[in-house]
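Biologist: Could you put the model up, so that we can go through a few parts of it together?

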Amino acid sequence: MPGIEIDLDKIFHNAKTLVTRLKAHGISVTGITKACCGSPQLAKVLLRAGVTSLGDSRIENIERLREAGINATITLIRSPMISQVDRVVAAADISLNTEPDVIRALSDAAQKARKRHGIILMVELGDLREGVMPCDVEKTVQSLRKLPNITFLGLGANLACRNGVSPDNRNMAKLSVLADHIDATAGAFAAPMSVVSGGNSSNLNWVFAGGKMGRINNLRLGEAILLGCEPLHRQAITGLHTDAIRLITEVIESKTKPSKPWGTLAQTAFGTPLLPRDEGDIFQSILAIGQQDVDPDGLYPPMGIKILGASSDHLVLNTGDTKAPVGSEISFWPDYAALLRCMTSPYIDKAYIGKAIAPRIIPQPVSAFLG
């Protein structure tokens, strides 16, 4: 304790369901492993469920997958650090990029390693995280196509991560129009782009509501597969499990206490707290987990239990009529932010359950992407 329990059978069902539904729209799925720190167990389940490739934001996670024998096509989905280009070329087949200087460094590293490295150029569509401005896409593609040992695969975009800009027909059409323009002006000897990666789990509402796909033929999915919900409104996706992952904690104190603090109030270790409402005496329990391990705002407690607050190492609950004794367990369902922090914490045990790992995985060959 504390521990994260990950049900691979439920995750397999979620991934398989989404792969099948999106295939009907002409869209392939890149399964994202970053929330589980590049877990080989998760990667094998995603591949068995039919994802055409894997993706992760950290080169350390991709190296972990390679060390575990995962031979599928893997994409680095965060722009590479120029200081890590040798590692990126060695472990990742493809990377998402925005900076010409980084792409040139990748080209040099790929030449040195006698390998080809695939590039998906990210386009800024309004969320103001990463991406080349649309007016600069053509000249950027022209320059990277001249680089040795680099294969330009296509365009990508990312929405809803920084400012919550939702994918819709307008911004997805912009990406499709850019793809058509780049192909039309590429010249007779340039291969048409094979990938137009429209975004992440936040694109699912747009797809399933009958959006116009245009050139969009790939999505990068993590949250929807793991948690069974879409990120825009955190609503459950029909037919998916929303309880595949749970956080199990242990009670270390359980007492009746006043609900309102007394004395002169100042800031806490994490800023100025909201003054709690005076509800008289309550049955308060403390769990052996805190801000260092999890985002308390991202935990869904059992019925009748309320999260009151957290310090570095303590999570404080009003357990209501549930007088949880010391040593008892209380389980929570995490949202994506809470899951990320839990999986990163070395103080939380990670347990994979289920029988969804197949003895043999047949990955999509790299040649399908790099040519």
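Biologist: Which glycine takes a positive phi just after α2?
Modeller: Just after α2, glycine 50 has a positive phi of about 110°; helices here are DSSP runs of H or I with at least four residues, strands are runs of E with at least two, and both are numbered from the N terminus. This is a predicted model, in which local features need pLDDT of at least 70, side-chain atom pairs count only at pLDDT 80 or more, and totals for chains, interfaces and linings use all residues. Residues are numbered from 1 along each chain as its sequence is written, and side-chain values use heavy atoms, leaving out hydrogens and water.

Biologist: And why is α2 largely enclosed by the rest of the structure?
Modeller: Helix α2 (residues 40-49) is largely enclosed because 7 of its 10 residues are buried, where buried means under 20% relative accessible area, exposed over 50% and partly exposed in between, with a 1.4 Å probe and protein chains only.

Biologist: Okay, which residues are those?
Modeller: They are Pro40, Leu42, Ala43, Val45, Leu46, Leu47 and Ala49, and they pack against α1 (8-23), β2 (28-32), β3 (53-56), α3 (59-67) and α9 (223-227).

Biologist: New topic: is asparagine 14 buried or exposed?
Modeller: Asparagine 14, which lies in helix α1, counts as buried because its relative accessibility is 0%.

Biologist: What is asparagine 14 in contact with, leaving aside its neighbours within four places in sequence?
Modeller: With those neighbours left aside, asparagine 14 is in contact (heavy atoms within 4.5 Å) with Ala224, Ile225, Leu226, Gly228, Leu240 and His241.
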